[in-house]
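Let's take a walk through this model together, one element at a time.

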Amino acid sequence: MKRAVVIGASGQIGRPTVTALARDGWQVTAASRSGGRDAAWDEGVRAVRLDRADDAALAAVVGDGCDLLVDIVAYDASHAGQLTSLAGRIGSAVVVSSVSVYDDGAGRNFDTLHEPGGFPAYPVPVPETQPTVTPGESSYSTRKAALEHGLLAAAQALPVTVLRPAAVHGPCSPLPRELYFVKRNLDGRRRRVLSYRGESRYHPSGARNIAELVRLAAARPGTRVLNACDGEAPTVEEIGAAVDAAMDVETRTTLVDGLPEGAVGQTPWSIPGPAVFDMSAAQRELGYRPVVSYADSLPETVEWLTGVLAGRDWRECFPLLARAYPRLFDYAAEDAWFAA
């Protein structure tokens with residue numbers, strides 16, 4: 001039986017990844033800071049604690065060697081160095097990066113989103129050959145680019161598949177964009193405003209679909225960079241309608257041009273242009289087909305969010321989301337906007 005080590009196994013992407021590999025016949029060591037187990041995992045999965053920053057601890061988890069190392073939490077050049085230092089003990093690797101590395105070729109990217117005129121003019125869809133930001137230490141995007149650069153430079157010693165997901169969704173998310181619609185429905189809000197006429201498209205990446213890409217790449221070791229998104233890229237208006245359907249509620253949506261003043265109409269998907277990513281390379285190289293559509297994945301996400309929110313403040317539950325969108329549920333501002 002081939003042995004796989006998954007770093008970041010207890011997180012949103014790690015949980016279904018461990019499940020997918022175990023079902024495919026891999027002997028999986030699930031490493032995470034907590035050392036926790038998921039109820040869906042096979043009994044043969046070995047869960048261990050791991051401090052990702054501890055080089056010796058990582059080397060100990062790899063042990064005498066593994067056929068596959070999946071790194072879901074790798075972040076920068078130092079992590080690339082960690083992995084490549086173990087190249088002689090790893091058959092191949094699959095490492096999760098991000099679509100935030102893409103540049104539009106004119107210096108606009110995810111780091112310039114909030115600057116005047118800074119939204120990138122990406123092609124639709126964005127292929128893996130699109131330019132990327134310069135590797136560095138200044139931002140999440142440049143650090144991920146440095147991670148990729150370090151891994152690909154050592155590809156002769158360690159075959160690596162780099163996966164670039166976009167708006168990751170599914171249970172156990174630290175930044176669940178679907179909360180925007182789920183909480184409103186739970187709070188009885190039956191009116192909403194969507195900026196950019198509800199046409200914003202930020203390609204979702206289901207955690208289970210990313211896990212499927214890991215499984216396929218594991219079976220076909222090689223060096224490649226692939227987008228890791230769902231089969232479809234719905235508009236934010238379509239996402240809202242899908243959440244409503246999953247929760248069996250009806251709402252009225254007001255569509256407005258551009259972005260209203262304040263937080264009214266702004267969602268975690270609200271962008272002035274499309275960010276849609278080409279999945280043809282994954283289909284061609286790995287035979288990738290999404291295991292679940294966005295709409296079909298929603299009942300699981302809604303159930304999880306509903307359970308997490310029960311009796312708790314959403315900011316306590318999701319501090320990362322609260323920091324990114326502090327006025328996500330400013331109902332007083334919305335009511336004033338409707339009354340104006």
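This is a predicted model: local features need pLDDT of at least 70, side-chain atom pairs count only at pLDDT 80 or more; totals for chains, interfaces and linings use all residues.

With 10 of its 13 residues buried, H6 is largely enclosed by the rest of the structure. The geometry of the helix can be checked too: at 1.5 Å a residue, the 13 residues of H6 (residues 207-219) should span 18 Å, and the end C-alpha atoms are 19 Å apart, which agrees.

Now look for the sheet. Seven strands form an open sheet with parallel pairing, in the order S3-S2-S1-S4-S5-S6-S10. Strand S3 (46-49) and strand S10 (224-227) stand at the edges with a single partner strand each, so one side of each has no neighbour in the sheet. From one strand to the next, the twist averages 20 degrees.

Strand S1 (residues 3-7) and strand S2 (residues 27-32) run parallel and are joined by five bridges; here Val 6 stands opposite Ala 30 in S2. Further along the sheet order, S5 and S6 also run parallel, joined by four bridges, and Ala 93 stands opposite Val 160 in S6. Helix H2 (residues 55-62) lies across S1, S2, S3, strand S4 (66-71) and strand S5 (90-96), and its direction makes an angle of about 150 degrees with S1.

Let's stay with strand S6 for a moment. In a regular strand, side chains alternate between the two faces of the sheet. In S6, Val 160, Val 162 and Arg 164 point one way while Thr 161 and Leu 163 point the other way, and all are buried. That is five of the five residues in S6 (residues 160-164), so the strand is mostly covered.

What does Val 160 touch, leaving aside residues up to four places away in sequence? The list is Ala 93, Val 95, Leu 151, Leu 152, Gly 222, Thr 223 and Arg 224. Val 160 has a relative accessible area of 0%, and therefore counts as buried. Val 160 and Pro 221 are 61 residues apart in sequence, yet their C-alpha atoms are 7.4 Å apart in space.

Next, move to helix H5. Seven of its eight residues are buried, so H5 is largely enclosed by the rest of the structure. Those buried residues are Leu 179, Tyr 180, Phe 181, Val 182, Lys 183, Arg 184 and Asn 185. They pack against strand S8 (191-194) and a set of helices: H7 (236-247), H9 (294-309), H10 (314-317), H11 (319-324) and H12 (331-339). After H5 comes Gly 188, whose phi is positive, near 80 degrees.

The aromatic rings give us another way to read the fold. A pair of aromatic rings is described by the distance of the centres and the angle of the planes. The structure holds 10 aromatic pairs. One of them is Tyr 102 with Phe 277, a stacked pair at 5.9 Å centre to centre with 20 degrees between the planes. Tyr 102 lies in the loop between S5 and helix H4 (140-153), and Phe 277 in the loop between strand S11 (252-255) and helix H8 (280-286), so this pair ties together parts that are 175 residues apart in sequence. Both Tyr 102 and Phe 277 are buried.

Phe 181 and Trp 269 form another stacked pair, at 5.7 Å centre to centre and 20 degrees between the planes. Because Phe 181 lies in helix H5 (residues 179-186) and Trp 269 in the loop between S11 and H8, the pair ties together parts that are 88 residues apart in sequence. Phe 181 counts as buried at 0% relative accessibility, and Trp 269 is buried with a relative accessible area of 2%. Elsewhere, Phe 110, Tyr 122 and Tyr 202 form one aromatic cluster.

Finally, look for charges over rings. Arg 184 lies over the face of Tyr 180, at 4.0 Å from the ring centre. Arg 191 lies over the face of Phe 338, at 3.9 Å from the ring centre.

Methods: Residues are numbered from 1 along each chain as its sequence is written. Side-chain values use heavy atoms; hydrogens and water are left out. Two strands pair if DSSP finds at least two bridges between them. Helices (H or I, at least four residues) and strands (E, at least two) are DSSP runs, numbered from the N terminus. Axes are lines fitted to C-alpha atoms, for helices over the stretch in contact, and angles run from 0 to 180 degrees between N-to-C directions. Contact means heavy atoms within 4.5 Å. Rings of Phe, Tyr and Trp (its six-membered ring) pair if their centres lie within 6.5 Å; planes under 30 degrees apart count as stacked, over 60 as edge-to-face and the rest as tilted. Buried means under 20% relative accessible area, exposed over 50%, partly exposed in between (1.4 Å probe, protein chains only). A charge sits over a ring if NZ of Lys or CZ of Arg is within 6 Å of the ring centre and within 35 degrees of the ring normal. The expected span of a helix is 1.5 Å times one less than its number of residues.
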